[in-house]
Amino acid sequence: MKMSTVRLTVNGRRVHVPAGISVAAAIALVGEPFRRSVTGEPRAPLCGMGVCFECRVRIDDVAQQRACQRVVNPGMRVETDG
């Protein structure tokens, strides 16, 4: 059985990821950074349920979206602050 995939763009890079996964999982799967702390340290999602806000990204030009709370959609454009 062939796995269904979704094509989206992460930081300008076209990628294919498994359908049904969260945007946070897609970002991690393709190896893109999420964000940096004020001192420049890399940050990543901590809770996976929308409480920590460490996974905030821009999705289709809308800022401050919690990547762990959104499922990937075809053609989605995701930009991180990494």
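Biologist: Is Arg-77 buried, exposed or partly exposed in this predicted model?

Modeller: The relative accessible area of Arg-77 is 39%. Buried would need a value under 20%, and exposed one over 50%. Because 39% falls in between, Arg-77 counts as partly exposed.

Biologist: Which residue does Arg-77 meet in a salt bridge at 3.7 Å, and where does that residue lie?

Modeller: The N to O distance of 3.7 Å belongs to a contact between the side chains of Arg-77 and Asp-60. Arg-77 lies in strand S7 (residues 77-79), so the pair ties together parts that are 17 residues apart in sequence. The partner, found in the loop between S5 and strand S6 (62-66), is Asp-60.

Biologist: How many salt bridges does a search of the whole structure find?

Modeller: Among them is the one between Arg-13 and Glu-32, with 3.2 Å from N to O. That pair links distant parts of the chain, 19 residues apart: Arg-13 is in strand S2 and Glu-32 in the loop between helix H1 and strand S3. Over the whole structure, the search finds five.

Biologist: Why is Glu-32 called buried, and what is the term for Arg-13?

Modeller: Buried means under 20% relative accessible area, and Glu-32 has 19%. Arg-13 has 39%, and the range for buried ends below that value because the cut-off is 20%. The term for Arg-13 is therefore partly exposed.

Biologist: Which residue forms a salt bridge with Arg-43?

Modeller: The closest N and O atoms of this pair are 3.1 Å apart. Arg-43 sits in strand S4, and its partner is 11 residues away in the loop between S4 and strand S5.

Biologist: One for the backbone: what is the phi of Phe-53?

Modeller: Most residues other than glycine have a negative phi. Phe-53, in the loop between S4 and S5, is not a glycine, yet its phi is positive. The value is about 65 degrees.

Biologist: And where is Gln-64 found?

Modeller: Gln-64 also has a positive phi, of about 65 degrees, although it is not a glycine. At 48% relative accessible area, Gln-64 is partly exposed. Its place is strand S6.

Definitions and conventions
Residues numbered from 1 in each chain as written. Predicted model: local features only at pLDDT ≥ 70, side-chain atom pairs only at ≥ 80, totals over all residues. Heavy atoms only, no water. Salt bridge = Lys/Arg side-chain N within 4 Å of Asp/Glu carboxyl O. Helix = DSSP H or I, 4+ residues; strand = E, 2+ residues; numbered from the N terminus. Buried < 20%, exposed > 50% of the residue type's maximum accessible area, 1.4 Å probe, protein only.
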